[in-house]
Amino acid sequence: LILSPFTSYTDQILSIHRTRTSAGFSLDIPLIMLTASILKIFYWPGARYDLSLLVQAFLMIGVQSTLLKVALDNRPAWRGERPFTETGEGRPFGFWRWNAQRPYWEYLLCLALGLLVLHILLQPNGSSFYTRFIGYLGLTIEATLPLPQILANYRAQSCKGFRVSVLGNWLFGDMMKMGYFFGSEPGRVPWAFKMCGMFQACCDACLGMQYWMYGNGEEISDVDSRLS
């Protein structure tokens, strides 16, 4: 469970580095995992959940930061959905659709510093509203992890660019998490982890169905460009 960040994303990082393109890979995956992991770290002082889950959150930040850097360095002008523009269609202030790399890291730094200031000022405990809020917020955000990739695959009618090894590790991780969450002694793993884990498992199963339906073939836009 602790090493799942490495087993899940190493192949995706190497694939983007080898092919020199992050086309087909949703940049929202690092956004979701980095945001959720930072929130989970600040959730721990109040909730004191299992230490292995805290270590996993720290490792996830390192792996996802590497994945984000590689994906940004190798992003094409077009990522299988629409032109990569400064405005970011449908997103306020073009959030997470910036052309420059600096705003991505500024967002993550501001999030961490903001939570640190709140933690110092509020000094939360396990029963405080603040502790429960950031815990459920972080886990809810993490539970939505497969959704951006599901939408990207649906628009392109292809899973090209998203590594099947990542999906396989997600599905295997779901089984491991469910066994760990529900097999642990009562009270060791909060129900927030269990509920969000079940939702994410259902979304991962939907991704598996997409691989079965679409495969790893050409995207619709590739075919259209040849016919035009």
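Me: What should I keep in mind about the model and its numbering?
Reply: It's a predicted model, where local features need pLDDT of at least 70, side-chain atom pairs count only at pLDDT 80 or more, and totals for chains, interfaces and linings use all residues. Residues are numbered from 1 along each chain as its sequence is written, and side-chain values use heavy atoms, with hydrogens and water left out.

Me: What makes a space a cavity, and how many of 30 Å³ or more are there?
Reply: On a 1 Å grid over the protein atoms alone, a cavity is a set of points where a 1.4 Å probe fits but cannot get out.

Me: Why do Lys-40 and Phe-193 count as lining the largest cavity?
Reply: Lining residues have an atom within 4 Å of a point, and Lys-40 and Phe-193 are among those that line the largest cavity. Helix H8 (191-214) gives the largest share, four residues.

Me: What makes the other kind of space a pocket?
Reply: A pocket is an open set with protein on both sides within 12 Å along at least five of seven lines. The largest pocket has a volume of about 350 Å³. Of its 22 lining residues, the closest to its centre are Ser-4, Ser-8, Gln-56, Asn-169 and Gly-173.

Me: Which helix supplies the largest share of that pocket's lining?
Reply: That's H7, with seven residues; this helix spans 164-183.

How values were computed: Grid points are joined across faces, edges and corners, and a volume is the space filled by probe spheres set on the points. Helices (H or I, at least four residues) and strands (E, at least two) are DSSP runs, numbered from the N terminus.
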